[in-house]
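Here is a short briefing to read alongside the coordinates. Have your viewer ready, and let's walk through a few features together.

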Amino acid sequence: MRSLGRYLVEILEANGVDLVFGIPGGHTVDLYRGLEKSSSRHVTPRHEQGAGFMADGYARVTGKPGVCFIITGPGMTNIATAMGQAYGDSIPMLVISSVNSAGEIGSGRGRLHEPKDQRALIRGVSAFSRTILDVREMEPVLAWAFAIFSASRPKPVHIEIPAALLNADASAMPPARRFSLPPPPAPPADAVKEIATRLAAARQPLIVAGGGALRAAGAIRPLAERLGAPVLMTVNARGVIPGDHTLAVPLTGESGSVIELLKGADAILALGTEFGPADFADTLPATARLPGWLARADLDAEQLMRGLLADLPLLADARLTAEAVLAAMPVGEPGNVGARIAQAARQGVEVAMNPVLPAGLQMLDMLANTFPDAIVVGDSTQPVYVGCTAYGAPQPGGFFCSATGFGTLGYALPAAIGVALAAPDRPVFGLIGDGGLQFTIGEMASATEAVTCARLILWNKAGYSKIKKYMANACAAPPGVDIHTPNFEPIAKGFGWRYGKVSSMSEFAAALASPGKGNEVIEIDETSFVASLAGDGA
């Protein structure tokens, strides 16, 4: 018999899914039975939150949805945080879970793993949540999910299947097929012409790139160079043009120079950015209307009407828009004003940094110089905060983190595992603090089991130092921030990871220069590391 669980896996495979993250449970036995004769690989995390973070990292690199198989009840509450991060960052994630069987759903009788209303729980962190009640629903609901992933603003999707239905007979269903999905919307020709005309005539043109523009990098760089226009990159757009490019502005809006950049531009093309407070540090409400002309392209019609209202809002794909504008742009000699403006904006941010932040920025720059094709996955920790503030990655998608958007802790380790599985031939670094690592430290076992090659940079500051300073500045006694910090060396080695500890930039450089096989922890003590740079005159 061909069960619904098997039919589901066949549909996923027909649509390019070759990797599934999940933890088997009694309510998903028939779902896992569908994987038994499958060519898809299964990776077992140690916690469902880890499964979601791994799927998130995998999706960012491949562009394909990260797929998770999750049990009802605690499995779904565990993965909800990871779905929240993916929702905030517009990452495609497909979460397929069990639910209690028909007649048992919401009974309140205390059945194993019984949630009161699982879909209500997940609705706030998903594009949609749907219960499958008939085998004939499986294909159209999955097609709906894949259409969201490919042709609109991607977000997590949740599909739940009653446990008893997973073993239902699906033999009569047709062979699984690849979906014929709608293409993402292209910009209208008249809008493209107006954008090209205004940008070409502008004295200070500006391009603003958000996470939705990552796959438009091939058109954004030549467009910026033809115009001589700075490219302001939000955190999720780092590397759209290389960080060392003369037109690169990899900055967040907490700097006054970024707002001045926006105010000084007389024509702006914004691609795939929500103009949100995470990237502009709550400074945009004061500039709800900019002096210059603004065109915005986004896949989300509602998002186009939030934040800065555009003179020309386009419900269109960022890549298709950038390519069309580039093709319509007249050939001319770009000025050098844009490069000077970009340089001034970058310098204005770096001058105002406290001593800890330049250390993190130098560390990130060393990573970029040593491994230009590296992917750096950040958690919520000091070097990542400065990365958000002023780090420009060498390649699109070369730096992303959980410090913005939903703002989770413990993300970097499992997300780096997902990245390492997606890009086994590229250097992969997770950058995490000692507090954040303790959220998901068990996933070190998952990496060993999956035979990945990831390098974890552990920034040890012995507690929640950022929150401690914030509380002190607010004149609040800071309880709960001086947490116990374990000895990470035996923990790392116990999980089968190599381990090294460095206390200066030269030692860090030496550690980077000697990569070995498998996974590695490079621990950095913040106090000694920052002090060594001060001693070097840095």
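The notes below cover a sheet, a helix with its surroundings, and a pair of helices. Please keep in mind that this is a predicted model.

**The six-stranded sheet**
- Six strands form an open sheet in the order E9-E8-E7-E10-E11-E12, and their pairing is parallel.
- Strands E9 (248-249) and E12 (312-315) are the edges; each has a single partner strand, so one side of each lacks a neighbour in the sheet.
- Strand E8 (residues 231-233) pairs with E9 in the parallel sense over two bridges, and Val 231 has Ala 248 in E9 as its bridge partner.
- Helix H7 (residues 189-201) packs on this sheet, where it touches E7 (205-209), E10 (267-271), E11 (293-298) and E12. The direction of H7 makes about 135° with that of E12.

**Helix H6 and its surroundings**
- Helix H6 (residues 138-151) has 14 residues and spans 20 Å from first to last C-alpha, close to the 20 Å expected at 1.5 Å a residue.
- Buried residues in H6 include Met 138, Val 141, Leu 142, Phe 146 and Phe 149, and Glu 139 is also among them.
- The buried residues of H6 pack against helix H1 (4-14) and strands E4 (93-99), E5 (128-131) and E6 (156-162).

**The H14 and H15 pair**
- The axes of H14 (residues 356-370) and H15 (residues 382-390) come within 8 Å and cross at roughly 80°, so the two helices are roughly perpendicular to each other.
- From H14, the contact residues include Val 356, Leu 357 and Gly 360; from H15, they include Pro 383, Val 386 and Ala 390.
- By class, this contact of H14 with H15 has eight nonpolar, three polar and no charged residues.

Methods: Residues numbered from 1 in each chain as written. Predicted model: local features only at pLDDT ≥ 70, side-chain atom pairs only at ≥ 80, totals over all residues. Heavy atoms only, no water. Axes fitted to C-alpha atoms, helices over the stretch in contact; angles between N-to-C directions. Helix = DSSP H or I, 4+ residues; strand = E, 2+ residues; numbered from the N terminus. Parallel < 35°, antiparallel > 145°, perpendicular 65-115°, else oblique. Contact = heavy atoms within 4.5 Å. Nonpolar A, V, L, I, M, F, W, Y, C, P; charged D, E, K, R; others polar. Expected span 1.5 Å × (residues − 1). Buried < 20%, exposed > 50% of the residue type's maximum accessible area, 1.4 Å probe, protein only. Pairing = 2+ DSSP bridges.
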